[in-house]
Amino acid sequence: MLDDERNVQLASSTARVDEINQAFYGRFQFPQPPLAFDAPANASLETLMLNQNLGAWDHSLFPEHSRIWVAGCGTNQAVFVGLRFPSASILATDLSAQSLETSSRTAYEVGLKNVEFRQQSINHADYPKEFDLVICTGVIHHNADPAVPLKQLAEALKPRGTLELMVYNRYHRILTTAFQKAIRRLCRGASFDDELRTARKLAATLRLENLLTQFVRQQAGLSEAEFADNLLQPVEHSYTVESLAALLDSCGLTLITPCLTQWSKASQNVSWSIDFEDTEIAARYDSLSDLERWELYNHLMAERAQLLWFYASRKESCRKAPSERELCEGFLSHRFAPAATQKRVYLRGPDGKYAPSPRSFEYPGVHPDVVCRRIVEAITREPRMLMDEALKSTGISRGFATVNSLRLRLTTSRYPFLISVPNA
Ligand SMILES: C[S@@+](CC[C@H](N)C(=O)[O-])C[C@H]1O[C@@H](n2cnc3c(N)ncnc32)[C@H](O)[C@@H]1O
């Protein structure tokens with residue numbers, strides 16, 4: 001069948017695409033090594049925040065000794081996860097021996113003992129009901145049929161387990177997919193190195209004045225791995241919220257809530273919501289279900305929308321997934337304590353090796369937002385106040401959009417400022 005929207009010409013079979021990806025990610029190590037890895041001194045902090053991300057205010061969803069699978073871990077994701085969850089037992093798998101080698105070398109340098117690395121395709125994994133958390137970001141959309149690895153990920157979840165999944169947003173991939181297909185047409189089965197050389201030359205010399213050319217010129221300054229990951233990807237599917245929800249449904253999964261990423265934090269675009277000026281439109285929008293609101297947000301934000309990075313669970317999970325409004329109600333009806341701790345930082349040296357910095361740093365430090373700072377101060381002064389009372393005492397609106405944004409910017413993994421105190 002002709003598929004004009006995605007880059008899937010090479011997707012002849014699951015096995016063939018596994019071979020291609022193994023070679024591609026063997027040649028291009030992705031992602032680039034980060035400048036630093038952080039490790040909070042409070043070893044429980046990230047587990048507490050993960051529980052709070054999902055509305056488990058009593059912190060009972062994820063135990064500290066969780067089993068976690070980082071599926072398609074690339075060169076460093078398992079190290080980040082290992083440091084965030086020092087008491088968890090982590091399995092990290094990937095097709096690429098080279099990426100696993102980089103990852104396990106870095107894990108050794110930062111002293112991790114809780115990560116096991118394994119070269120394996122998700123398509124051949126067999127871990128029935130083993131994991132509390134499965135993390136798979138930027139992986140299944142590179143497979144021949146993303147439903148095949150997704151079913152394996154779903155199988156691997158414990159009944160109350162959670163999947164953290166990221167797939168490409170269709171609105172972000174129109175230009176990358178077009179360029180990938182053009183290069184493939186020009187190079188016709190040549191090596192990755194030949195494709196890379198041709199793509200670099202095309203990026204430097206293409207004189208058309210259009211969005212594609214502007215985009216490709218911006219890519220010219222990227223590292224080789226980033227350039228290849230964007231512009232030479234052998235297979236690339238992408239989704240809207242609707243098509244992602246349908247894919248999950250076909251694999252026995254359902255969306256729970258968006259996962260706040262470092263990119264949404266950096267762009268201050270934290271919640272999947274839009275403020276409408278017109279009251280009639282705002283009222284219609286407010287009456288929609290979570291899924292409908294996320295769909296609408298994605299269509300209207302278009303290329304500025306967030307990555308499709310979500311928490312999901314089994315459809316038949318024994319835990320009912322909270323809606324965003326229920327997450328907000330839970331937030332308002334709890335007491336909190338400040339999470340202040342220290343963090344150790346492992347810095348990349350000129351030799352490419354990681355070593356601990358000589359001193360520790362305050363973590364999470366001072367909140368960058370003045371309203372959030374006022375709330376943290378109010379709670380520090382009066383720890384017995386419920387969040388609802390804290391907002392009332394500081395004159396802050398308790399409307400859904402404000403509360404949801406505050407919840408995300410005070411009590412989640414990206415903003416680990418407050419730890420809920422379970423209600424007596
Ligand atoms: C874009 S990288 C993402 C790496 C990592 N998840 C991250 O977010 O930093 C995609 C990774 O998925 C791996 N991969 C792709 N298909 C896979 C499969 N079927 N099984 C295991 N790994 C796979 C590739 O080898 C590559 O390392």
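What is the volume of the second largest pocket? In this predicted model, local features were considered only at pLDDT of at least 70 and side-chain atom pairs only at pLDDT 80 or more, whereas totals for chains, interfaces and linings use all residues. Residues are numbered from 1 along each chain as its sequence is written, and side-chain values use heavy atoms, with hydrogens and water left out.

The second largest pocket has a volume of about 240 Å³. A pocket is defined on a 1 Å grid over the protein atoms alone, as an open set of points where a 1.4 Å probe fits, with protein on both sides within 12 Å along at least five of seven lines; lining residues have an atom within 4 Å of a point. Grid points are joined across faces, edges and corners, and the volume is the space filled by probe spheres set on the points. The lining consists of 17 residues, and Pro33, Thr102, Arg105, Thr106 and Gly352 lie nearest the centre. Helix H4 (residues 97-109) supplies the largest share of this lining, four residues. Helices (H or I, at least four residues) and strands (E, at least two) are DSSP runs, numbered from the N terminus.

Salt bridges were assigned where a side-chain nitrogen of Lys or Arg lies within 4 Å of a carboxyl oxygen of Asp or Glu. The whole structure contains 21 salt bridges. In one of them, Glu130 pairs with Arg67, with 3.0 Å between the closest N and O atoms. Glu130 lies in the loop between strand S4 (115-119) and strand S5 (131-137) and Arg67 in strand S2 (residues 67-71), so this pair ties together parts that are 63 residues apart in sequence. Both residues are partly exposed, Glu130 at 29% relative accessibility and Arg67 at 26%; the classes are buried (under 20% relative accessible area), exposed (over 50%) and partly exposed in between, with a 1.4 Å probe and protein chains only.

A further salt bridge joins Lys158 to Asp132, the closest N and O atoms being 3.2 Å apart. Lys158 belongs to strand S6 (residues 157-167) and Asp132 to strand S5, so the pair ties together parts 26 residues apart in sequence. Lys158 is partly exposed, with a relative accessible area of 27%, whereas Asp132 is buried at 9%. Within helix H12 (residues 279-286), Arg284 and Glu280 are four residues apart, about one helical turn, and form a salt bridge with closest N and O atoms at 3.0 Å. Arg284 is exposed at 55%, and Glu280 is partly exposed at 49%. Elsewhere, salt bridges that share partners join Arg27, Asp193 and Glu224 into one network.

Asp94, located in strand S3 (residues 89-94), is buried but has no salt bridge; Arg118, the nearest side chain of opposite charge, is 13 Å away. Lys and Arg count as positive and Asp and Glu as negative, while His and the chain ends are not counted. The side chain of Asp94 reaches the backbone nitrogen of Cys73 at 3.2 Å. Beyond its neighbours within four places in sequence, Asp94 is in contact (heavy atoms within 4.5 Å) with residues including Gly72, Cys73, Leu100 and Gln119.

Ala390 is found in helix H16 (residues 387-393) and is buried, with a relative accessible area of 0%. Not counting residues up to four places away in sequence, Ala390 touches Ile379 and Met385. The C-alpha atoms of Ala390 and Ile375 are 6.7 Å apart, at a sequence separation of 15 residues.

Technical notes
A polar contact is a pair of N or O atoms within 3.5 Å; within protein, one must be able to donate a hydrogen and the other to accept it, and residues adjacent in sequence count only if both atoms are side-chain atoms.
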